[in-house]
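Open the model in your viewer and keep the sequence panel beside it. The stops below say what to select and what is there.

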Amino acid sequence: MSDLGPRRVVVTGLGAVSSLGKDAETLAAAVREGRSGISPARSFDTTGFPQVMAGEVPDFDPRASLRTLDPGRWGRSALLAAAAAAQAVTDAGLDRAELSRARAGSAMGTTSGEAPVVDRLTRQWVGEGLKSLDPGLVAQVPAGRIAAAVNTELGLTGEAQTIPTACSASNYAIGYAADLVSTGEADYMLAGGADSVNRYTHAGFLRLGALAEEVCRPFDKDRDGIITAEGGVALLLEPLDRALARGARVYAEVLGYGLSCDAKHMVHPDSGSVAECVRRAHRSAGITPDQVDYICAHGTGTPTNDLTEVAAVREVFGDRLPPISSIKSMLGHTMGAASGFGALLCCKAIEQGFLPPTANLREVDAALGPGLDPVPNTARPAEVRIAQNHGFAFGGNNAITILGRVS
């Protein structure tokens, strides 16, 4: 039995703004086709960068989906989050005015917050001095504005939590939001994450030697790293009984989640700690390993991550490995939004009956061991009753959510 609170929590709305589509349905269709959202970066001057590919959202116009926010007063990450959240509310069939009067809030994850804004301010400071800083841009910097943008756009007066645990942040947000709904502290929560492509993050991963040359090839013997990417994603969570009473479509139930910290190394993941995170997620969800039908991997495509992640899965699952694939092979690494996109596609996999593929896979790395099924290149029809969604981050922060079909 799940160790969430007394109320069962379900996902009834999905929203996404990504390089593969500006809504959840388009994104899911693109993933099923194994399409790529990767192209040369246009968000910043890539002069001097040997690797220039990124997963950007082309022609993102926040005015197309936002009614309240003035885009000129908010950073790109906040606007991506708010746009995804507004979509999720519409998808859930909820009236915005009624939602604003309910006990509703948001929890959004991020890695870099509004790094593009910081980049612009840095150029102002270096070029013309500290007094030249645009106060309007300064006001956009705090990462807390990402969740605040969601609440402001939708008129929500519940909690607005931005969780900055980097590449696992969306899973932290989903777990936190599920707790609030399950325990009765909130009736509706929007949970997910957002980040923007930016020079700072791109340069950081370049200096780490973690950027791929052209494409991301998780689990491939020739994988060479990540592709930086951006996006906003949101899941609308509410109690199962409330969803059934209003006749809502239910994508999946949040069965539980697990958290752990490696507490060992800033950037090198630890398989033992990741395995313990998996066990905690299973205990939280009240399931056993043999019940998991699919794992949405963290799957960055770096040699270290893939070896560590597969070793951790083997430690828990033994010889019976569920299919495990990486959506980063198509979307790129959307940082704080990454595990939110994973959760969204787990919901779609449960709803539509398919396994998302790992694109760009030519030959599975033998070092990962026998029996690994990364769902190479093409989505596969499958009954997915329980999906396990991984999110791991620098600093050793691990977060795993478990989503299941409502019985």
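The tour goes from the sheet to a helix packed on it, and then to salt bridges.

This is a predicted model, in which local features need pLDDT of at least 70, side-chain atom pairs count only at pLDDT 80 or more, and totals for chains, interfaces and linings use all residues. Residues are numbered from 1 along each chain as its sequence is written, and side-chain values use heavy atoms, with hydrogens and water left out.

**The sheet.** Colour by secondary structure; helices (H or I, at least four residues) and strands (E, at least two) are DSSP runs, numbered from the N terminus. An open sheet of 10 strands runs in the order β5-β4-β6-β7-β1-β8-β14-β13-β9-β10, with mixed pairing; two strands pair if DSSP finds at least two bridges between them. Select 160-163 and 324-325 to see the edge strands, β5 and β10, each of which pairs on one side only. Next select 252-261 and 397-404: these are β8 and β14, antiparallel to each other over eight bridges. Val254 has Leu403 in β14 as its bridge partner.

**Helix α13.** Select 338-352. This helix, α13, packs on the sheet and touches β1, β7, β8, β9, β13 and β14, where contact means heavy atoms within 4.5 Å. Of its 15 residues, 13 are buried, so α13 is largely enclosed by the rest of the structure. Buried means under 20% relative accessible area, exposed over 50%, and partly exposed in between (1.4 Å probe, protein chains only). Just after the helix, Gly353 has a positive phi of about 75°.

A salt bridge is a side-chain nitrogen of Lys or Arg within 4 Å of a carboxyl oxygen of Asp or Glu. Glu351 is partly exposed at 37% relative accessibility, while Lys348 is buried at 1%.

**Other salt bridges.** How many salt bridges does the structure hold? There are 23. Select Arg249 and Asp91, whose closest N and O atoms are 2.5 Å apart. Arg249 is in the loop between α9 and β8 and Asp91 in helix α2, 158 residues apart.

Then select Arg223 and Asp365, another salt bridge, at 2.8 Å between the closest N and O atoms. The pair ties together parts that are 142 residues apart in sequence. Arg223 and Asp365 are both buried.

Finish with Glu276, Arg279, Arg280, Arg283 and Glu315, which are linked in a network of salt bridges.

Conventions. Axes are lines fitted to C-alpha atoms, for helices over the stretch in contact, and angles run from 0 to 180 degrees between N-to-C directions.
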